[in-house]
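Hello,

Here is the structure I said I would pass on. Please open it first, then read my notes below.

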Amino acid sequence: MNSVAFSNIARFIALLIAQILIFNNIDLFGFINPFPYILFIILFPTDNNKPIFYLASFTLGIIVDMFENSGGIHAAASLILAFARPSILKFSFGISYQYHNLNIIKKVTKDIFTSLEVFGYITISVVIHHIVLFGLEFFRFNFIWEILLRTILTTVTTLLTCILILYLIKPSKK
Amino acid sequence: MQQIINFFIKNSTKLLFLLLLVISFGLIIQTHTFHQSSFISSANGVTGYVYENVNNFKEYMHLKTENDALVLENAYLKSIAYNNTSVKDSVEIKNLMPAERQEYSIIVAKVIRNTFNTKENYLTIKGGDKQGIQSDMGVINSNGVIGIIEKTSKNYSTVQSILNVKSKINAKIKGSNHFGTLQWDGKNTGYVNLSDIPRLAEIYKGDTIVTGGISKIFPENIPIGVIEKAYTNETSNYFTISVRLFNDMTNLGYIYVIKNKDIEEINQLEAETKDE
């Protein structure tokens with residue numbers, strides 16, 4: 001087992017534990033819970049191993065679903081985010097990201113406060129995930145305003161927690 | 001044939017994506033549509049164990065409120081007990097309901113997980129098949145109705161909370177026989193809606209709403225809440241009543257599961273009636 005796979009499995013487990021034990025219990029204003037577990041999908045290596053990527057995202061979502069009693073909404077939202085990620089990468093970092101052998105973890109953790117590209121990449125990912133998530137949760141059009149309100153507020157809190165976590169795991173400059 | 005296999009090999013990633021997507025949508029539609037639905041629920045050993053341990057930590061914060069509630073309930077039960085003895089002297093009612101013919105029995109369980117911030121809220125409780133809990137049993141606490149058991153495992157169960165847009169509970173106005181259906185509109189955790197009460201019924205703000213007698217799940221006259229607002233529209237002959245719950249659904253500790261001992265008999269009878 002190489003070190004990339006190992007660090008990804010460790011991240012998978014750590015984010016899942018943090019999500020279930022801490023972030024599902026926050027209930028800010030009674031209804032906002034951030035979902036920083038999607039950092040796993042955001043930080044997954046960009047090389048072309050799509051089947052494993054899809055399977056891992058799906059499993060991550062379904063475990064969160066199991067703890068939240070929410071059917072399959074997290075699984076579906078995570079899977080769709082995983083599917084959309086190449087396009088988001090292309091949009092934020094330019095078409096040539098594949099040839100530059102982009103080290104996504106290094107790039108994201110290092111440049112989170114300085115580069116607009118990285119911030120845009122994370123924001124778009126979070127927004128897509130949350131729109132799918134809340135759209136599926138409410139499942140009705142007459143709740144459209146609530147869907148939008150929750151998406152916006154939860155996006156803000158998720159972004160803040162994601163940036164906080166990235167800041168905490170940032171490698172120190174030596 | 002060769003081409004079909006080639007097609008599958010070439011598009012295996014896309015097909016995997018579609019397969020997983022179909023699975024997750026299937027699960028979602030199932031939970032949204034049917035009453036006893038979710039394949040994936042927190043009534044299993046692993047999630048139960050995790051939530052139990054998390055709850056052990058959280059419990060310390062609520063010990064005081066929990067104690068206060070128990071003291072209040074004790075006082076209430078004591079008052080019933082004392083008042084009963086004074087009645088017994090003058091009116092002797094014996095053998096009305098002998099001990100072995102009790103219709104309902106009570107199982108105490110602890111809430112280890114409570115959600116109230118989605119449209120479809122569930123509680124997870126410590127107590128399952130081993131304690132005799134089965135699906136479709138009523139769940140209450142000292143303040144009133146909480147929900148209905150949805151799924152059970154060996155040691156844990158999930159409860160469909162009254163704050164779930166799927167749940168429908170039969171309810172009436174205390175002291176009258178006007179029945180209606182209690183449903184949550186998914187907005188405020190303190191209020192539920194009672195619909196289908198006929199306009200003929202005399203209702204006042206502050207009247208108590210209790211469970212109705214035509215339910216197999218709950219005994220009659222378990223408190224639910226008080227009337228806050230009532231409105232009608234021109235076309236319908238029914239009130240829609242906004243009911244303020246007695247329970248603070250965001251803060252639950254111990255709950256009682258009500259077991260109707262005659263449920264099998266009733267179900268069997270109903271099934272036989274339908275067959276004919």
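**The contact between the chains**

A:Glu68 and B:Arg113 join their side chains in a salt bridge, with 2.7 Å from N to O. Please keep in mind that this is a predicted model. Across the interface of chain B and chain A, the rule finds one salt bridge. The contact draws 35 residues from chain A and 34 residues from chain B. About 3,000 Å² is buried between the two chains. Carbon and sulfur atoms give 69% of that buried area.

**The cores**

Which residues have the most contacts inside the largest nonpolar core? They are A:Leu39, A:Phe40, A:Val108, A:Tyr121 and A:Ile122, in a core of 62 residues. Two or more residues each come from H1, H2, helix H3 (50-68), helix H4 (73-93), helix H5 (104-111), helix H6 (116-138) and helix H7 (144-168) of chain A. Helix H2 (12-33) of chain B also gives two or more. H4(A) supplies the largest share of this core, 11 residues.

Take A:Leu39 as an example. Leaving out residues up to four places away in sequence, A:Leu39 touches A:Leu15, A:Cys162, A:Ile165 and A:Leu166. There is also a second, separate core, with 43 residues. Among them are B:Ile173, B:Ala201, B:Phe218 and B:Met249.

**Chain B as a whole**

Chain B contains five helices and 12 strands. Of its 276 residues, 41% are buried. Now count the contacts in chain B with a separation of 6 or more: 61% of them link residues 24 or more positions apart. Chain B exposes about 16,200 Å², and carbon and sulfur atoms supply 56% of that.

**A lysine in a strand**

B:Lys110 lies in strand S1 (residues 104-114) of chain B. Is B:Lys110 buried or exposed? Its relative accessible area is 16%, and buried means under 20%, so B:Lys110 counts as buried. What does B:Lys110 touch, not counting residues up to four places away in sequence? The list is as follows:

- B:Asn55, B:Asn56 and B:Glu59 are among the residues touched.
- B:Thr124, B:Ile125 and B:Lys126 are also included.
- B:Gly253 and B:Tyr254 complete the list.

Most residues other than glycine have a negative phi. Two residues in chain B are worth a look here.

B:Asp196 has a phi near 70°, a positive value in a residue other than glycine. B:Asp196 sits in strand S8 (residues 191-198) of chain B. Its relative accessibility is 41%, so B:Asp196 counts as partly exposed.

B:Asn221 is not a glycine either, yet its phi is positive, at about 65°. B:Asn221 is in the loop between strand S9 (208-211) and strand S10 (223-231) of chain B. With a relative accessible area of 43%, B:Asn221 is partly exposed.

**A nonpolar patch on chain A**

Which residues form a nonpolar patch on the surface? They are A:Ile9, A:Ile13, A:Ile17, A:Leu21, A:Ile22, A:Ile26, A:Leu28 and A:Phe29. Together they have about 730 Å² of accessible area.

Look at A:Leu28 in that patch. A:Leu28 is in the loop between helix H1 (3-21) and helix H2 (39-42) of chain A. A:Leu28 has a relative accessible area of 35%, so this residue is partly exposed.

Best wishes

Key:
Residues numbered from 1 in each chain as written. Chains lettered and ligands numbered in written order. Predicted model: local features only at pLDDT ≥ 70, side-chain atom pairs only at ≥ 80, totals over all residues. Heavy atoms only, no water. Patch = residues over 30% accessible without salt bridge, like charges linked within 9 Å, V, L, I, M, F, W, Y side chains within 5 Å. Areas by Shrake-Rupley, 256 points an atom, 1.4 Å probe, with all protein chains shown as cover. Salt bridge = Lys/Arg side-chain N within 4 Å of Asp/Glu carboxyl O. Helix = DSSP H or I, 4+ residues; strand = E, 2+ residues; numbered from the N terminus. Buried < 20%, exposed > 50% of the residue type's maximum accessible area, 1.4 Å probe, protein only. Core = buried A, V, L, I, M, F, W, Y, C linked by side-chain atoms within 4.5 Å. Contact = heavy atoms within 4.5 Å. Buried area = accessible area lost by both parts, 1.4 Å probe.
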